[in-house]
Amino acid sequence: MRCFVPLLLVLAPGVALGQDKKSGDQKSGAPKEAPVVKPREGKSETIKLFDGKTLDGWEGYTDLWSVKDGVIVAKNTDPLKFSTYLLTKNKYTDFRLTFASKLVTSEMHSGVCFWGIVKPEVSKEPEKDRTKHTYAGHLVMFPSGYGMYDLFGRNGLPVDGGPAKKVGKQHDWNDIEILAQGNRVRVAVNGTAVVDWRDPLPDRIKEAPIGLQLHSNTVPQEVQFKGLVLETFPKEDKLLTVK
């Protein structure tokens, strides 16, 4: 088994080795300027992704994901070779997601993934390595390594995690809002806007499940989530939790 040690990356710190692979999208030279993709149109509705009691509407490894005292608990005691996710059964493109998350045990970051695909084949032995619910796509990370990542793609994305670190809490509840529209991602942490980024490669964006991350790790860890209210095709083109 490989040893997974958190890396402190300049742009997207805290990602463990072995989770993600390089692609040919990052080449030497000036970064590609991102086009402006307008928000997609569709029915705007508010959906409670979590009923506070069960994992109805979600799929993931039931020994790693559970509900206790009104919160979703992600917890492992044995090492995880690959990150695993609790995934919505429905797929989404443009959305606003508001929730709270708390890192209870370990210093490894968690995150929310979207705009990608479920990719069990990241391992040659999916059953053994438990990659049935592994994800390839965009990831908003918190806490520890705040920033953004392209899982099994471009790796670290050019998003500064510094603003989030200033307002984030390492082992307490963080209120988070993710606004994903067109090819633009905006994030607020505890009432402060911390991310505003457009993907220069919008063809990579897919209608996809949204997932909560339990990161690959060699040590026990626990992450909790609550709230998880989703607005599809948001009516307002702004972060609503910013004070």
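What follows is a set of notes, grouped by topic, on a predicted model. Across the whole structure, a search finds seven aromatic pairs.

**Aromatic pairs**

- A pair of rings is described by two quantities, the distance of the centres and the angle of the planes.
- For Tyr-85 and Tyr-135 the ring centres are 6.0 Å apart and the planes meet at 50°, so this pair is classed as tilted.
- Because Tyr-85 belongs to strand 7 (residues 84-88) and Tyr-135 to strand 10 (residues 135-142), the pair ties together parts that are 50 residues apart in sequence, and both Tyr-85 and Tyr-135 are buried.
- Phe-142 and Phe-225 make an edge-to-face pair, with 6.4 Å from centre to centre and 80° between the planes.

**Charged side chains over rings**

- Arg-130 is placed over the face of Tyr-61, at 4.0 Å from the ring centre.
- Lys-226 is likewise placed over a ring face, that of Trp-173, at 4.3 Å from the ring centre.

**Strand 17 and its partners**

- Strand 17 is mostly covered, with nine of its 12 residues buried.
- Strand 6 (residues 71-76) runs antiparallel to strand 17 and is joined to it by five bridges, while Asn-76 has Gln-221 of strand 17 opposite it.
- Strand 8 (residues 95-105) is also antiparallel to strand 17, and the two are joined by nine bridges; Thr-98 stands opposite Val-229, and Phe-95 has Thr-232 as its bridge partner.

- Seven strands form an open sheet in the order 4-7-16-9-10-11-12, with antiparallel pairing.
- Strand 4 (58-59) and strand 12 (155-156) are at the edges and have a single partner strand each, so one side of each is left without a neighbour in the sheet.
- Within this sheet, strand 10 pairs with strand 11 (residues 147-150) in the antiparallel sense over four bridges, and Val-140 stands opposite Met-148 of strand 11.

**Two residues with positive phi**

- Most residues other than glycine have a negative phi, which is the background for the two cases that follow.
- Asp-69 has a phi near 55°, a positive value in a residue other than glycine, and its place is in the loop between strand 5 (65-68) and strand 6.
- Asp-69 counts as exposed because its relative accessibility is 75%, which is over the 50% cut-off for that class.
- Arg-130, described above as lying over the face of Tyr-61, has a phi near 60°, again a positive value in a residue other than glycine.
- The place of Arg-130 is in the loop between helix 1 (126-129) and strand 10, and with a relative accessible area of 28% it is partly exposed.

**The surroundings of Gln-181**

- Gln-181 is found in strand 13 (residues 174-181) and is buried, with a relative accessible area of 5%.
- The side chain of Gln-181 makes a polar contact, at 2.7 Å, with the side chain of Arg-186.
- When its neighbours within four places in sequence are left aside, the residues in contact with Gln-181 include Val-37, Pro-39, Arg-40, Asp-94 and Trp-115, and among them are also Arg-186, Pro-234, Glu-236 and Asp-237.

Key
Residues numbered from 1 in each chain as written. Predicted model: local features only at pLDDT ≥ 70, side-chain atom pairs only at ≥ 80, totals over all residues. Heavy atoms only, no water. Phe/Tyr/Trp six-rings, centres within 6.5 Å; stacked < 30°, edge-to-face > 60°. Buried < 20%, exposed > 50% of the residue type's maximum accessible area, 1.4 Å probe, protein only. Lys NZ or Arg CZ within 6 Å of the ring centre and 35° of its normal. Pairing = 2+ DSSP bridges. Polar contact = N/O pair within 3.5 Å; in protein donor to acceptor, adjacent residues only side chain to side chain. Contact = heavy atoms within 4.5 Å.
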